[in-house]
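This report covers selected helices, nonpolar cores and ring contacts in one protein model. The sequence and structure come first, followed by the notes.

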Amino acid sequence: MKNDLARRLFGGRALPSPGAAEFEVIHRRAGVSVRYYAPAGAPDSRPQPRTPLVLVPPLAADIQIYDRRNQHSLVAYLSARGFDLYLIDWGWPTRADDRRHLSDYFAALLPEMLNRVRFHSGRRRLSLHGWRLGGLLALCYAAVSPADDVAGLVLLDTCIDYAVEPAPDRPRDRLRRQAGRWRRLAGLRASQLPVSALHMPSWLQSIARHAVLGSTQPPDDDALRSRAYPGGVVADVIDHLWTDNALAAGRLPAANAGARLADVKVPILFIADADHPACSPVCGDRLAAVVGSQRVEREWTHGDPQHPACGALMARRSWSRLADWLIALDDEP
């Protein structure tokens, strides 16, 4: 309520609060909005400003995790490194959004939000930083968009191969095998079920995040509270990711998708938490095998012990690595 009042009184600019970076909401539609964080560092001496960087979160993550406190604020760090920084806020999906599928996000909503970033920044080429399912959305967007639209992709803890290193007792793998069994015996696909039946509310998603990943960590504090998953997205995860393992085969997680991951030609930096239960080193190797990019760099790190559920996103070592990598891209001839 406080932030809503601030937006009404100050034209979209949020009031600064202890440990929170100041931002401006530059676009909002269908419950989705785009935040802009101005560079906080010294003016860049380059003739041209750096390529704008857009953070693409997972659908169900509370985006407060990107800016928790000054010492744990990714947006503050990247702003201090001189980036014009944008953050997609997917909002809080309700049952009215249950007909949304993954393709609605990466082929419709995300392109609209990025076009607003281009209008605001005056720059056509953007760099994308995607975490977990946000990395999947950024990767699929790069497959369906013109090659010149994306300068580089940074993917954090993004699972590419859902069949890798199966564990008989891991809940996610048990559910994946069960979904495959329903497909073989009855021809049943999750997309045949009413999307309202697959709606995953925030409280259930919070439980599932720990149960499906087999995490032994307790739920984090309010800054990590989950948002809902629309029923159509849940159906896509079951059908295209868990059962068909589409990404590992180079396909997009959508029915009748014309593009493939081989259409992704941009440089990619893949960073994952070595302790993440669902993203092994094979995921980085599989990514390099299915995309058309000539440059795929892979790096493993260890998450911040204060925020173990956040993996590579809160690993301070990854912050400097991704910033240096993106700056190097700009400096290349």
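## Ser 33 and its surroundings

Leaving aside residues up to four places away in sequence, Ser 33 touches Val 25, His 27, Arg 28, Leu 87, Ile 88 and Asp 89, where contact means heavy atoms within 4.5 Å. Ser 33 belongs to strand E2 (residues 32-37). Helices (H or I, at least four residues) and strands (E, at least two) are DSSP runs, numbered from the N terminus. Ser 33 counts as buried because its relative accessibility is 9%; buried means under 20% relative accessible area, exposed over 50%, and partly exposed in between (1.4 Å probe, protein chains only).

The model is predicted: local features need pLDDT of at least 70, side-chain atom pairs count only at pLDDT 80 or more, and totals for chains, interfaces and linings use all residues. Residues are numbered from 1 along each chain as its sequence is written, and side-chain values use heavy atoms, with hydrogens and water left out.

## Nonpolar cores

A nonpolar core is a set of buried Ala, Val, Leu, Ile, Met, Phe, Trp, Tyr and Cys residues joined through side-chain atoms within 4.5 Å. The largest core has 63 residues, and Trp 90, Leu 137, Leu 139 and Leu 153 touch the most other members. Helix H4 (residues 133-144) supplies the largest share of this core, nine residues.

Leu 139 touches Leu 153, Leu 155, Ile 160, Leu 261, Val 264, Ile 268, Leu 287 and Val 291, residues up to four places away in sequence not being counted. A second, separate core holds 33 residues, among them Phe 23, Ile 65, Leu 78 and Leu 329.

## Aromatic pairs and a charge over a ring

The whole structure contains six aromatic pairs. Rings of Phe, Tyr and Trp (its six-membered ring) pair if their centres lie within 6.5 Å; planes under 30 degrees apart count as stacked, over 60 as edge-to-face and the rest as tilted. Tyr 77 and Trp 319 form a tilted pair, 5.6 Å centre to centre with 45 degrees between the planes. Tyr 77 is in helix H2 (residues 74-80) and Trp 319 in helix H10 (residues 316-331), so this pair ties together parts 242 residues apart in sequence. Both Tyr 77 and Trp 319 are buried.

Trp 90 and Tyr 105 form an edge-to-face pair, at 5.2 Å centre to centre and 85 degrees between the planes. Trp 90 sits in the loop between strand E4 (85-89) and helix H3 (102-121), and Tyr 105 in helix H3, 15 residues apart. Trp 90 is buried, with a relative accessible area of 3%, and Tyr 105 is buried at 1%. Elsewhere, Arg 35 lies over the face of Phe 23, 3.9 Å from the ring centre; a charge sits over a ring if NZ of Lys or CZ of Arg is within 6 Å of the ring centre and within 35 degrees of the ring normal.

Helix H8 (residues 231-243) has 13 residues and should span 18 Å at 1.5 Å a residue; its end C-alpha atoms are 17 Å apart, which agrees. The expected span is 1.5 Å times one less than the number of residues. Of the 13 residues of H8, 12 are buried, so the helix is largely enclosed by the rest of the structure. Just after H8, Asn 245 takes a positive phi of about 50 degrees.

H10 has 16 residues and reaches 23 Å from its first C-alpha to its last, close to the 22 Å expected. Its buried residues include Trp 319, Leu 322 and Trp 325.
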